[in-house]
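This briefing is for a reader who is new to the structure shown below.

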Amino acid sequence: MCLTVTIDGKNLKGISGLESAQITFRDVNSQNKSALSFTSSAEFTGEAYSYIKEKLVCPDDGYTKSCDVVIMDDCCSVNLLEAKVRGSDVEYCEKGEDCEKITSNFVQSDEDSEKRACLESTLIWDGLSRKYNTDPTGFDTRTDHPKVPYCLEIRPQFLHELMLGLTAIAWASVVFIFIPLIPFLAILSLLLCGIIGLWNALNNIGIISGLIPDPPQAAQIFIQDYCDNPFQGLLGLFQQIQNFLFQIGIGCDRYHPTPLLREYIENACDICGLEFKSSILNDPISQYYNTLYFNAPSQKGYKGYDCDKPLIEANRPQLTGTELLDKIKEVHNAEWKVKDGCLIYERKDIIDTWGDVIFDAIRNQKDVVSLCFSAIDAPCALGDFKYSQEGVDWLGDEALELYNDVVEWNPNGANENLKGKCETTVQFGAARFRGDGIDRDVLDSGFWNLPIFPFAQNLQQFEEVLVMNNGTAQLPKLLLWDGVDPCFARVVRRPSIYNPGLDFNYPYWFDQPYPEDELYENFHYIDRPDGEVKRRPYTLTVKANCELLARLDPCGTVNLPYCGVSREGSIDSINYSCKNKTITFIGKI
């Protein structure tokens, strides 16, 4: 036998099934989810059977526990795998023939695997501490997240015009009724405050103490503040009425606290003891560095300017770290992996460069048993890139024409071998903004911005902000903050070549005509038939040796000969056959 196994540091007798074992190391499994490497199942009898049974089978909560396992190649004295036997994986027979045994798989549990498993069970907004971080991150209670201002816009548009007209009438009514009454209200306020002052004085000296219960503390503070300056209090009341009318009638002065995408990821990494590395999202020189993850499926934003508001609890994304990464990787045409204590997120053709070369089939031809290449699917003639259609914020759907694009990879059908359409649909919604030129901006009408209207100044303050139809959205949005004011976070914009307005949030468009500015030219051009994506599957089998066994890593690469040239191959899986003393690499070039 070439393998030996220790369980919780003990050399227990009765572990079998390893004589012809094959250990497979994988970076992702067949469901394209982050997976742990694994081995074939083993049988435990004798001492090993008794130990596993006592720890993982008999206790009522045994299925929640595990035993630490180290698998070693005893010929090379190389630790091949740090693993676990989990109580949930144990198969056990109480009575019957051949029942004095337990079978179970070994599941890899080295430090990187454990931290990756932590990402799979950590919500991205969680502020609690974990195994790798004893101090709470406090992310869920932070108040420094950027605040995205937005305005509501009603459809059909004439209803919004009607609302503005009614708002102007209501404001005029308040002015004509309230202002003439100010002298009378001021005198009445002075009399009431005088009575309240006399009452407090008599109450303090005990003459009328206890006759009437004291008002609540909040009411006492309000009365004191109001009576200190009745005129200022009346003006403040008028301002509150005016602001209320503007919020209802205009639909602006609303804000959604919106964390940066990289900070959601960094928070999960902090909890799981990982360092986040990404030239896309975590490099200050990247144009995507200030990407905001806008999520408002349940509750509308806050009304009124307040930079100290926390993230709205009902709108927290119910995503774990791995779920978020799997969601956004389609946008950036990226992949991610955990390697040497780092979470790496890069475009899928670049991420392979993070690993070392595990085997060079050109320099070590004598160790190559076989090298074969498989067929690939016929490349597409078209690339269809699009955002998902929104079910709640249908105002954002009006911008889908800008966000989506179909790219022609086979003009005039010049190459008959290119067929069909490759589709990429990201699970995010498009967004509209005031002044984007997609449709007439009701709030930008010159009529309503005349100085005679009291809300003209408010309309100017809320130029170039997000517009929604009701303040919520079924799908999240990726918004690229301009980095100027976190309390009034606008997105990046530029003069438009499509219409008289501005292009907002354009780095998150799929728009092939713009060079180097948007998603296609930054990330998805590599999927064209002559692009840089590895497509051709290979299977490389080599003779095992101690040096190679010590370097096995599914995050690495191999160098392969292909038609007289050297090609770099990514690694999807590595299979070590103990019986045949061979190592098989499977991947793509």
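**Helix packing and nearby loops**

Helices H6 and H7 cross in a left-handed sense. Their axes lie 10 Å apart, at an angle of about 145 degrees. The model is a predicted one. Its chain has 589 residues, of which 48% are buried, and its secondary structure amounts to twelve helices and 31 strands.

**H6 against H7**

- On the H6 side, the contact is made by Leu261, Tyr264, Ile265 and Ala268.
- On the H7 side, Gly321, Leu324, Leu325 and Ile328 make the contact.
- Sorted by class, the contact of H6 with H7 has seven nonpolar residues, one polar residue and no charged residues.

**H2 against H6**

- Two packed helices are described by the angle between their axes and the distance between the axes.
- For helix H2 (residues 111-120) and helix H6 (residues 261-272), the axes come within 9 Å and cross at roughly 130 degrees.
- The crossing of H2 with H6 is right-handed.
- H2 contributes Lys115, Cys118 and Leu119 to the contact, while H6 contributes Ala268, Cys269, Ile271 and Cys272.
- By class, six nonpolar residues and one charged residue take part in the contact of H2 with H6, and no polar ones.
- Ala268 of H6 is listed in the contact with H2 and also in the contact with H7.

**The buried side of H2**

- Asp112, Ser113, Lys115, Arg116, Cys118 and Leu119 are the buried residues of H2.

**The loop between H2 and S11**

- Thr122 sits in the loop between H2 and strand S11 (147-152).
- Thr122 counts as buried because its relative accessible area is 0%, and the cut-off for buried is under 20%.
- A polar atom of the Thr122 side chain lies 2.7 Å from the backbone oxygen of Cys118.
- Leu123 is also in the loop between H2 and S11.
- Leu123 has a relative accessibility of 26%, so it counts as partly exposed.
- Apart from residues up to four places away in sequence, Leu123 touches Asn267, Gln318, Leu319 and Thr320.
- Leu123 and Asn267 are 144 residues apart along the chain, and their C-alpha atoms are separated by 9.2 Å.

- Thr320 belongs to the loop between strand S15 (302-303) and H7.
- With a relative accessibility of 11%, Thr320 counts as buried.
- The side chains of Thr320 and Thr322 are joined by a polar contact of 3.3 Å.
- Setting aside neighbours within four places in sequence, Thr320 is in contact with Leu119, Glu120, Ser121, Thr122, Leu123 and Ile124.

**Contacts across the chain**

- Of the contacts in the chain between residues at least 6 apart in sequence, 71% join residues at least 24 apart.

Note on methods
Residues are numbered from 1 along each chain as its sequence is written. This is a predicted model: local features need pLDDT of at least 70, side-chain atom pairs count only at pLDDT 80 or more; totals for chains, interfaces and linings use all residues. Side-chain values use heavy atoms; hydrogens and water are left out. Axes are lines fitted to C-alpha atoms, for helices over the stretch in contact, and angles run from 0 to 180 degrees between N-to-C directions. Helices (H or I, at least four residues) and strands (E, at least two) are DSSP runs, numbered from the N terminus. A crossing is left-handed if the near helix is turned anticlockwise from the far one by less than a right angle, and right-handed if clockwise. Contact means heavy atoms within 4.5 Å. Ala, Val, Leu, Ile, Met, Phe, Trp, Tyr, Cys and Pro count as nonpolar, Asp, Glu, Lys and Arg as charged, and the others, Gly among them, as polar. Buried means under 20% relative accessible area, exposed over 50%, partly exposed in between (1.4 Å probe, protein chains only). A polar contact is a pair of N or O atoms within 3.5 Å; within protein, one must be able to donate a hydrogen and the other to accept it, and residues adjacent in sequence count only if both atoms are side-chain atoms.
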